Amino acid sequence: MERMADGLAAFMVSAGMIKDENRKYYRYGMELLLSNFFNFFVVLLIGVLTHKLFSFLCYMVVYGTIRKTSDGYHAKSHAGCIGIYMVMLSATVFLLPKLYRWEVIAAAMGVSTVILFLLAPVETERSRVGADMLRIKGLRTKVIILCMDVSSGIVICLKMVPKELVCIIAGACLFQSMTVLVQTALNYKNHQKKERQYVEESI
């Protein structure tokens with residue numbers, strides 16, 4: 001991914017489409033675009049092969065919606081990213097329906113709601129924004145997770161749609177809350193490390 005993005009950015013510079021000083025920004029954008037396209041292709045392919053394409057696409061929409069506002073852990077490589085994503089997706093689509101009980105769904109939604117309300121959005125090196133934007137993203141996260149809580153409750157009570165959809169909502173919210181929890185722990189660890197370094201340098 002990095003080589004392809006770098007090659008595309010170099011071509012754009014040589015063609016006079018962008019300035020050389022802006023090359024790194026376009027390279028990063030190309031890298032994200034290629035990564036997202038590759039991830040989508042892999043999900044699409046596996047969804048077709050396992051006859052779970054609709055469930056996979058639903059998961060992508062639900063997870064992507066909550067992920068966009070709450071951020072969370074980012075893998076260090078594209079392989080790690082798609083690997084973690086496929087584990088979460090597969091567990092949601094194939095495993096959670098087998099454990100389907102309203103108590104399990106309620107627990108998953110409850111845990112994810114508490115974590116996302118308290119910790120989201122969580123900043124990473126890739127997603128540093130201003131305080132105002134953090135507040136806006138935090139509000140959006142709360143609104144989205146509450147809407148998913150309500151919709152899951154209505155679906156469970158009225159049994160209007162297949163249980164797979166309820167599991168997708170609960171699984172997506174739960175796994176995203178886990179990425180937020182992991183990134184929060186990493187941020188705390190990095191903060192403690194910087195504080196120790198600062199104290200050592202001050203002595």
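Here is a friendly note on the predicted model above, point by point.

1. **Ground rules.** This is a predicted model, in which local features need pLDDT of at least 70, side-chain atom pairs count only at pLDDT 80 or more, and totals for chains, interfaces and linings use all residues. Residues are numbered from 1 along each chain as its sequence is written, and side-chain values use heavy atoms, with hydrogens and water left out.

2. **Confidence.** The mean pLDDT (the predictor's confidence in each residue, from 0 to 100) is 81 for the protein, with 90% of residues at 70 or more. Helix H4 has the highest confidence, at a mean of 90, and helix H6 (residues 131-158) the lowest, at 72. Where pLDDT is low, the predicted coordinates should not be read in detail.

3. **Overall layout.** The protein has seven helices and zero strands, giving the pattern α-α-α-α-α-α-α along the sequence. Helices (H or I, at least four residues) and strands (E, at least two) are DSSP runs, numbered from the N terminus. Of the 203 residues, 33% count as buried; here buried means under 20% relative accessible area, exposed over 50%, and partly exposed in between, using a 1.4 Å probe and protein chains only. Among contacts (heavy atoms within 4.5 Å) between residues at least 6 apart in sequence, 77% join residues at least 24 apart.

4. **Helix H4.** Ile82, Tyr85, Met86, Met88, Leu89, Thr92 and Val93 are the buried residues of H4. Seen down the helix axis, the buried residues of H4 fall within an arc of 165 degrees, so they line one face; the arc is taken from the directions from the helix axis to the C-beta atoms. An α-helix has 3.6 residues a turn, so residues three or four places apart point the same way. The packing partners of the buried residues of H4 are helix H2 (23-49), helix H3 (53-70) and helix H7 (163-202). Ala79 and Val87, on the other side of H4, are exposed.

5. **Thr113.** Thr113 sits in helix H5 (residues 102-119) and counts as buried because its relative accessibility is 14%. The Thr113 side chain reaches the backbone oxygen of Met109 at 2.6 Å. Leaving aside residues up to four places away in sequence, Thr113 touches Ile145 and Asp149.

6. **Cysteines.** With a disulfide defined as a pair of cysteine sulfur atoms within 2.5 Å, the count comes to zero. Cys58 counts as buried at 14% relative accessibility, whereas Cys81 is partly exposed at 32%.

7. **Backbone points in the loops.** Most residues other than glycine have a negative phi, and most peptide bonds are trans. His51, in the loop between H2 and H3, has a positive phi near 60 degrees and is exposed, with a relative accessible area of 73%. Asp71, in the loop between H3 and H4, also has a positive phi, of about 60 degrees, but Asp71 is buried at 8% relative accessibility. The peptide bond from Ala120 to Pro121 is cis, with omega near -5 degrees, and Pro121 is found in the loop between H5 and H6.

Technical notes: Polar contact = N/O pair within 3.5 Å; in protein donor to acceptor, adjacent residues only side chain to side chain.
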